[in-house]
Amino acid sequence: MKFTWFNLMPWPYLPADFRQKHRSVWVDIDSKLFDPEKSHELYNTYIDLLEYAGSLGFDGIGVNEHHQNAYGLMPSPNLIAAGLARRTRDVAIVVLGASIALYNPPLRVAEEFAMLDCISGGRLVAGFPVGTSMDTNFCYGQIPALLREKYREANELILRAWHEREPFAFNGRYTKLRHVNLWPRPIQQPHPPIHIPGGGSIETFDFCLDNTYSYSYLSFGGYVRGKQLMQSYWDRVAERNTPDTSPYRAGFAQTICVADTDEEAERLYAKHVSYFYNRCLHVFPGFADAPGYRTIKTIQKGVLSQYAPPKGGLFPELSWKEMVEGGYIIAGSPETVRQRMEEMINGLRVGNVFCLMHIGDMPKEKSMYSTRLFAEKVMPKLRNIFPEHAADNRFWCRPMANRVSAGALPPESDVRAAAGAEA
Amino acid sequence: MSAPQPAPRPKAPPMELKTIQTPHVPVRYYEGGQGQPLIFLHGAGGLDLDLGFLGALAEKFHVYAPLMPGYGDSEECAELRDILDFTLHTWDVVAELGLKDPILVGFSMGGMIASEMAAVASGDVSRLALIAPAGLWLDDCPIPDIFSLLPYQLPPYLFHDAVAGAKIMSAGGDMSDPKFLQGFLVQAARQLGAAGKIMFPIPDRGLSSRLYRIKAKTILIWGQSDKLIPPVYAQAFQQGIANAELVLIPEAGHVVAFEKPQDVIRAISRLA
């Protein structure tokens, strides 16, 4: 199993009447709600928390990309990842990911990911999301019906740049480059493992299987609601006679809260979970799905029905009980969480779990408390769920053996002599 | 740009639905009437709201109203990606129909395409009617983002009488019925998905720099209370096209041909 501690970096200062007074947390979020000075401490705390998780035995620490979004403060995940690459030593840096169709030219992603892989000593797990309609269409102006074609082309360019060792010309429809010649190049050869966050489209299932990418479903709906979608992925795997059904072909994001007891979990975390689900996920339905963003095939397949926006927003007002019972969150004592995690991992057949453990406006101490309990009392018991696939390393990073530490310059007292200056 | 969902069709128009082959894709089109040939290009909402108007128009002209690929029951066309593709495709349609210099009429998105057609082949279009055309952008008067509007938010932008408009649009079906919702989403993906190729996120693909090429006698027809593409855009078109006359129709919104069909037909007839 691979556990990645993931932080969306939500803005924790949305007012209590946000839902009533504002129509959307995303795209046209009221910019007056952002306070740059408050963000200074916030960013640093969030990065500290990622590093903290990295010190507790999580396999990866993860970041992602959102734009104009009050629950995601990372328009550029690579900036955060660069900081993490310097300040951590062993943990995988999971960038899930860079929306490759949004970069001009997309070669930029091949370069930046190569840099991250070099700085981290081969610890990068790369992600290539298409990106949500909010991010790609409404914030970044991409034409919905052409986005997927542009995305495929960007993927082709990046992969060729990583694979080919001679300069080549790339005559794409969306990108034309006369001299593609990647420099620097990633440590992991031919390239870092690639995960594709998807939202249930058949084309994305096939795309992952064609390229040996891991498919991950990053919803906030939890594992009960995610079952239908992941099942349709595994059905597709079977339909296509894929050579193996390794659980590492799949990943899932799950909100997790651990405390000493179930009651304590509710007492400590209910407020923050409610903040996230009831304030942060308040998205204007008109931004959820620009016409042409989803393919006809996907709409017709009906995979979307489970998250067709209910009246009043993407998520209705939910109580703690409803969220626990509905599987939106896995919360409780270490034993409760272990049981439900097992249900989730087996039920969805996922080898990669993206653990959402800082939630909404949770203070850092609570996130640390929950994270440590999970790392010490839950994670070790979940390690061997798929022993027959333990050797599958296609979807995880392969760091180089002898990695340096950041801050390894010699002491000032040695510099003069070592530099060869006169005594 | 008109309603993105089917409205009840007016009583049987004297129009026939036919198919022709073009180099890219088979094209469905309505044909009816006698007289001078006239091509009508629909808006982003498709032809549903226009059929009554076209029926009346066919009493004076030989009307051809092709569906853009993806609209109605017509086949989609992945090869059409940008405004030049749409412009040349529509010229292909005119050629396949065997028409020479028909009266070219376009509404909203169709007006944008018609303007481009008249600009790229200025010698082939001598009469042009643009009904509340898209294609320009004025920073001082931004056009609403139709791609993020929910169906219930559309009527005030489309109709002079928003209450009546809402009734017409909601007669399409019930959004809480999953089957209807799926059909609606498929139609939106096909139609507005295609429209988005030339109109998302801003319906400006550089037409303003090409308007000067239009040599046709041009009538601009606008609903006085158009809230989607307000009449100030008419002035921008008039400034760009040398030989353009404006007919402003009172008590009409964006779907002026639906709300005031006879006034629009009278205005078009000035080209005959």
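1. In which loop of chain A does A:Pro184 lie? The model is a predicted one, and in it A:Pro184 belongs to the loop between strand E6 (176-180) and E7 of chain A. The peptide bond that leads from A:Trp183 to A:Pro184 is cis, its omega being near 0°.

2. A further cis peptide bond, with omega near 0°, runs from A:Leu96 to A:Gly97. A:Gly97 is located in the loop that lies between strand E3 (92-95) and helix H4 (107-120) of chain A.

3. Strand E7 (residues 194-198) of chain A is paired with E8(A) in the parallel sense, over 4 bridges. Within this pairing, A:Gly198 has A:Tyr217 of E8(A) as its bridge partner. Together with helix H7 (residues 202-211) of chain A, E7(A) and E8(A) form a right-handed β-α-β unit.

4. E8(A) also pairs in the parallel sense with strand E9 (residues 250-258) of chain A, over 3 bridges. Here A:Gly251 in E9(A) stands opposite A:Ser216.

5. In a regular strand, side chains alternate between the two faces of the sheet. Strand E8 (residues 214-217) of chain A has A:Ser214 and A:Ser216 pointing one way and A:Tyr215 and A:Tyr217 the other way. All four of these residues are buried.

6. Two residues of chain A deserve a look for their backbone angles. A:Thr212, in the loop between H7 and E8 of chain A, has a positive phi of about 55° although it is not a glycine. A:Thr212 is partly exposed, with 13 other C-beta atoms within 10 Å. A:Asn241, likewise not a glycine, has a positive phi of about 50° and lies in the loop between helix H8 (222-239) and E9 of chain A. A:Asn241 counts as exposed, having 6 C-beta neighbours inside 10 Å.

7. The contact between the chains draws 19 residues from chain A and 20 residues from chain B. On the side of chain A that touches chain B, helix H6 (144-163) and helix H10 (296-301) are the elements that give two or more residues. That side comprises 12 nonpolar, 6 polar and 1 charged residues.

8. Chain B contains 9 helices and 8 strands. Its radius of gyration is 17 Å, close to the 19 Å that the globule rule gives for 272 residues, so chain B is as compact as a globular protein of that length. The C-alpha trace of chain B spans about 50 × 40 × 35 Å along its principal axes, and 53% of the 272 residues of chain B count as buried.

Methods. Residues numbered from 1 in each chain as written. Chains lettered and ligands numbered in written order. Predicted model: local features only at pLDDT ≥ 70, side-chain atom pairs only at ≥ 80, totals over all residues. Contact = placed C-beta atoms within 7 Å. Nonpolar A, V, L, I, M, F, W, Y, C, P; charged D, E, K, R; others polar. Rg over C-alpha atoms; globule rule 2.2 N^0.38 Å. Buried ≥ 20, exposed ≤ 12 C-beta atoms within 10 Å, placed from the backbone. Pairing = 2+ DSSP bridges. Right-handed = clockwise from strand over helix to strand, strands pointing away.
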